[in-house]
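Me: I would like a close look at one part of the structure shown here, followed by an account of how the rest is arranged.

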Amino acid sequence: MLARIGVASLDELFADIPAAQRLEGLLDLPHGASEMAVERQLGALAQRNVASGSVPFFCGAGAYRHHVPASVDHLIQRSEFLTSYTPYQPEITQGTLQYLFEFQTQVAALTGMEVANASMYDGSTAAAEAVLMAHRLTKRHKAVLSGGLHPHYAETIRTLSHMAGADARLLPADPQADEDIMAQIDAETSCVVVQSPDVFGNLRDLRAIAARAHAQGALLIAVFTEVMALGLIEPPGAMGADIVAGEGQSIGNGLNFGGPYVGLMATRQNFVRQMPGRLCGETVDAEGRRGFVLTLSTREQHIRRDKATSNICTNSGLCALAFTIHMSLLGAKGLRQVALVNHARAVALAKKLGALAGVEVINQSFFNEFAVRVAGDARVLVERLATAGVLAGVPYARLAPQAGLDDILLIAVTETSSDDDADALVAALAGALPC
Amino acid sequence: MLNNQGRPTQPEKASAGHRTFTGNRGLQMEEALIFETGRLDVTGVDCEVPAPFGARLGGLERRAALDLPGLSEPEAMRHYVRLSQKNYSIDAGLYPLGSCTMKHNPRLNEKMARLPGFSDIHPLQPQSTVQGALALLAELGHWLTTMTGMAAVSLVPKAGAHGELCGMMAIKAAIAARGEAATRRIVLVPDSAHGTNPATAALIGFEVRAVPARADGTVDPAAVGALMGPDVAAIMLTNPNTCGIFERDIVAIAEIIHAGGGYFYCDGANFNAIVGKTRTGDLGVDAMHINLHKTFSTPHGGGGPGSGPVVLSARLAAFAPVPFVRAGATGLELVEHAEGQSFGRMSAFHGQMGMFVRALAYMLSHGADGLRQASEDAVLNANYVRAALNDVMSSPFGARPCMHEALFDDEWLKGTGITTLDFAKAMIDEGYHPMTMYFPLVVHGAMLIEPTESESLASLDLFIMTLRDLAFSAKRGESERFTGAPHLAPRRRLDETRAARAPKLRWTPPVPVAEAAE
Ligand SMILES: Cc1ncc(COP(=O)(O)O)c(C=O)c1O
């Protein structure tokens, strides 16, 4: 090979690396290991974690444990899906393009919006991009963020806004969903960002907020972290939302310690040219047959560069496929049923917990996650229960230590939590709480 | 019929000639959308039916229609298997997309990522219950900082562009900390840069200024010197660059930027060419993202997910985002809330764990020796392809060695009436995925070929012979092999103009005949 290239040694090919910076020896890292040795090493690390399926488990707060049918993981591991690139050559990527078109249709239907894009990194980054999109649409720079927003989402939005020179005002944590966000909307407001179910689990009626925002020329951005809820609750599109940004992990995707997940973004048709991310559209080929392509690319970085709507390139393709397949298996009927089971189990657990001394359920409404006020610091309680083999939920103070809500514990219940799990939580809590 | 951009304008007759009743052609199946075949009363999942209970939805029950049909498991399997068969993939063939690094994705990585101890843990479980996961983050960070010789790493970013954002936000925070936020507003970006570079800089309010390239495709330190000033925040430079060339004056460029009070962001998408050959930190870089989905073999998944950790110099380390892992009193701990100079949080949770496991499995498998060899083989393969095509195609920067990818322009197609797009589409008929086309923008009709280290000599030789055959055919003026191509793929060329003119971005039910007539 070297002869055909016309060099005497491999080193000649690296001659452009300045001599003083060229590495002669090996990096100070181990030598390569066999497949078996790597399995042993990583297996040992995996062993040191408590898998959610191995204990009574109630953590949510933006990531949810649901049952994903075995066929989903099988299908997404097909080489043709797993090991292909972004569908830039549509003639030989119709498989990817067609599922993206199905994904966009499903997301639009679930959220009650007209169009959805082909995915964002996750819910939090989708929310941050939605805010910048609203600024472009309204030509204003002030966002108002609800105190019911997941603190990670609020921080993500604020970091990006701050860096982009825009203003994002966050209201105080709002566990009872009784903030007066409408009073914050004025003629300079670009958008209001409201999450439902909110981080405490409360369901929020967005209609009046949308009306007030629209009256001031502002947009309503609706956020969710639990997409499963949309099987049971009124979608944001039906309540006047202009942009919807949410986390799609619950459908098709496992917990994975926080990623990769799949960001969902949907909006109105007439806003689509300001939308970030890839879009798949229908067209025909040279023989007149239906086919799909990536479209409206003049919004994107590879065409528009510094004038693009976003810098996003690689997105969450395979996670979107998992979402699409799981959603296709569920159908509206299955989604509604699973969502109903989630809700039923949450209602039953809330009732049992509410009967415990030292535990108060603070929600008026919820889907599959609710907040309880416990005696003492919820972080300490959760650690104590973990030692007893129960993962009881997420202390709100872990997300927002400064909020003064150290006694709030977020508890999520899905179709995967059995009656025995619920009983174990109730018993463990009863034992751990001073009464 | 094709328009002057090579896009179809009106229907042609089926090229295969042989008509079938179903529209299928042997194993090539026509597949409807699920919305056209699924039924609203079907679901493919088992689900218990709860006993009646009092809902607590606060009057917000869904009233809006939800017209999503369901599929049984066998229907879903068939539908998605058939869709998959319309896709090209690395597992099926050479995938020479320059800059994208379509290398083999070892299946051990997939197996490891699916261990329940990694795949089935929650990001907000008590830290005492995820010590193995935190150890994995620390271990991956150790490999990345060692390979690059950098002070710190943030594992948070979710892809390359998100890594760019992370690095540039750290730079912006560092500049603000110096009290220069109002004055240093310019970021220097060569025209050859990937679109994400200028898009990232602009997203956070920087003004992008172009840096011209020399005739040999690299950046001239003198050109950087001429642009450098107290208004410049940073340079974003790709190395090896998007023309597949190592920026030989990178150290001098770093010195000019630093002397002028700026920061050096390096786009590390092409790090796969130089692992173990040189260290980023030794070159004077302040921040660089690494696409785990390129250099470290995590699968591209049809467009994602990726992972784009950013390594940082000592000057920028303090500005890194949260969360990160550090050693605490009782084991490893995650720092989840910004302290000191950290610029804060840029996404929920801790990064793309699923990708971390895969990348670390690849690193452990290869080791210091194997990683270096992978880079060497990638460069060897690219040069082999370049040398073997050099006499029939044209190189914008002459017959000089390249790094991991070989760049050609369309000079050699002049007068044939055949474009880079046509040539690429003809490769499809030969069973190859085309190379990256029309990128970098600085080269006319660019064709960027990255074979990666995964290809055997036999595979490279067949690829080379195929491209030579196509090239001779183009020069002989056999334009029908190109201008109508592809003839044999699941679809002929698609009408992109039509897709963009009246965007149809979701399925909608067909309008009933009676209504349509009104
Ligand atoms: C040179 C270069 N920079 C940046 C990127 C962006 O990376 P990502 O797609 O992971 O966001 C890419 C890849 O697409 C690239 O090739």
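In which loop of chain A does A:Ile312 lie?

Reply: In this predicted model, A:Ile312 is found in the loop of chain A that runs between helix 10 (301–304) and helix 11 (317–354). With a relative accessibility of 4%, A:Ile312 counts as buried, because the limit for that class is under 20%. Apart from neighbours within four places in sequence, the contacts of A:Ile312 are A:Met120, A:Tyr121, A:Gly277, A:Gln301 and B:Ala161. One of these, A:Gly277, is 35 residues away along the chain, yet its C-alpha atom is separated from that of A:Ile312 by 6.1 Å.

Buried residues make up 68% of the 435 in chain A. Among contacts in chain A with a separation of 6 or more, 72% join residues 24 or more positions apart. The accessible surface of this chain is about 13,100 Å², and carbon and sulfur atoms account for 51% of that area. Chain A carries 33 positive and 44 negative side chains, the centres of the two sets being 4 Å apart.

In soluble globular proteins, nonpolar side chains tend to be buried together. Here the largest nonpolar core comprises 116 residues, and A:Leu42, B:Leu144, B:Met147 and B:Phe296 have the most contacts inside it. Helix 10 (residues 353–389) of chain B supplies the largest share of this core, with 19 residues. The contacts of B:Met147, beyond four places in sequence, include A:Leu27 and A:Leu29 from chain A, and B:Phe271, B:Phe296, B:Met363 and B:Leu371 from chain B. A second, separate core has 91 residues, among them A:Leu145, A:Leu296, A:Ala371 and A:Leu391.

A loop of chain B also has contacts with chain A. B:Gln127 is located between helix 4 (116–119) and helix 5 (131–148) of chain B, and is buried at a relative accessible area of 18%. Its contacts outside four places in sequence include A:Glu383 and A:Arg398, together with B:Leu134, B:Leu332 and B:Glu336.

Helix 11 (residues 420–429) of chain B has ten of its ten residues buried, so it is largely enclosed by the rest of the structure. The cover over these residues includes strand 11 (436–437), strand 12 (447–449), helix 12 (457–475) and helix 13 (480–483) of chain B. Just after helix 11, B:Gly431 adopts a positive phi of about 90 degrees.

Some backbone details remain. Most residues other than glycine have a negative phi, and most peptide bonds are trans. A:Ala177, not a glycine, has a positive phi of about 55 degrees; it lies in the loop between strand 3 (167–170) and strand 4 (189–195) of chain A. A:Ala177 is partly exposed, at 32% relative accessibility, whereas B:Ser99 is buried at 6%. B:Ser99 likewise is not a glycine and has a positive phi, of about 80 degrees. The peptide bond from B:Val322 to B:Pro323 is cis, and so is the one from B:Phe439 to B:Pro440. B:Pro323 is placed in the loop between strand 7 (310–312) and strand 8 (324–328) of chain B, while B:Pro440 is in the loop between strand 11 and strand 12 of chain B.

Terms used:
Residues are numbered from 1 along each chain as its sequence is written. Chains are lettered from A and ligands numbered from 1 in the order in which they are written. This is a predicted model: local features need pLDDT of at least 70, side-chain atom pairs count only at pLDDT 80 or more; totals for chains, interfaces and linings use all residues. Side-chain values use heavy atoms; hydrogens and water are left out. Buried means under 20% relative accessible area, exposed over 50%, partly exposed in between (1.4 Å probe, protein chains only). Contact means heavy atoms within 4.5 Å. Accessible areas come from the Shrake-Rupley method with a 1.4 Å probe; for residues, only the protein chains shown count as cover. Lys and Arg count as positive and Asp and Glu as negative; His and the chain ends are not counted. The place of a charge is taken as NZ of Lys, CZ of Arg, CG of Asp or CD of Glu. A nonpolar core is a set of buried Ala, Val, Leu, Ile, Met, Phe, Trp, Tyr and Cys residues joined through side-chain atoms within 4.5 Å. Helices (H or I, at least four residues) and strands (E, at least two) are DSSP runs, numbered from the N terminus.
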